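Open the model in the viewer and keep the sequence alongside.

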Amino acid sequence: MPGTFSQIYIQLVFAVQGRNSLIQKSWEDELYKYITGIIQNKDQKLLAINGMPDHIHILIGLKPSCCLSDLVMEVKKASNKFINEKKFCPYQFKWQDGYGAFSYSHSALDRVIAYVKNQKEHHKKKTFKQEYKEFMKKFQIEHKDEYLFNWIEDK
C-alpha cells in the first residue's frame, strides 16, 4: 500500500500581546518544554525553540495531515493557560493575534536551527521589528506594516 511522504519545515514566529517583555529567563525553559510537549502530542516534530522576552521562534517538521493554523492556535491557547495558571507573570499573559510561518528546505535546517538557538545573540544587533520585516522581505510576503504585530517603539 502506498504511503504519504513529505518534508515540510516551518519556522513559526509570534509575539507577546503588546510586545511586552513578559517571558522571563527564570521560566522560559519550562515554557519551551511545555510547548514542545504540545507539538509532540500533536504528532509533529519540534526541531528548535527559543526566543526573547517579547517573542518566540519554533522550528517544526510538519506532517501534511496537520493544519498549521490549528496547531498554532492550540500552542498559543494552551501555553497562555499554562503561564497564567503557574502565575509566572504578575500580569495576564496572552500571545498577540497572528503569527509568521516561514518554510525551509531540508538543506537549510542546520542554519535555521542555529539561528533559532542563537536568538539572544542575534537580538543584540537587531530588533524584533527589524528581524520580522526582513523575514517578510526575504520570503516576498506582501503586507501592510499596520497589519504586522503591534510594535513597541524601538529605542
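Buried means under 20% relative accessible area, exposed over 50%, and partly exposed in between (1.4 Å probe, protein chains only). The model is predicted: local features need pLDDT of at least 70, side-chain atom pairs count only at pLDDT 80 or more, and totals for chains, interfaces and linings use all residues. Residues are numbered from 1 along each chain as its sequence is written, and side-chain values use heavy atoms, with hydrogens and water left out.

Select Pro90, in the loop between α2 and β4 (100–104); helices (H or I, at least four residues) and strands (E, at least two) are DSSP runs numbered from the N terminus. Pro90 counts as exposed because its relative accessibility is 71%.

Next, select α1 (residues 25–41) and α2 (residues 68–86). Their axes (lines fitted to C-alpha atoms over the stretch in contact, angles from 0 to 180 degrees between N-to-C directions) come within 10 Å and cross at roughly 140°. In the contact (heavy atoms within 4.5 Å), residues of α1 including Trp27, Leu31 and Tyr34 meet residues of α2 including Ala78, Phe82 and Ile83.

Now select Phe14, Trp27, Tyr34, Phe82, Phe88, Phe93 and Trp95, which ring pairs link into a cluster. Rings of Phe, Tyr and Trp (its six-membered ring) pair if their centres lie within 6.5 Å; planes under 30 degrees apart count as stacked, over 60 as edge-to-face and the rest as tilted. Eleven aromatic pairs are counted by this rule. Phe93 and Trp95 are edge-to-face, because their ring planes stand at 90° with the centres 5.0 Å apart. Both Phe93 and Trp95 are buried.
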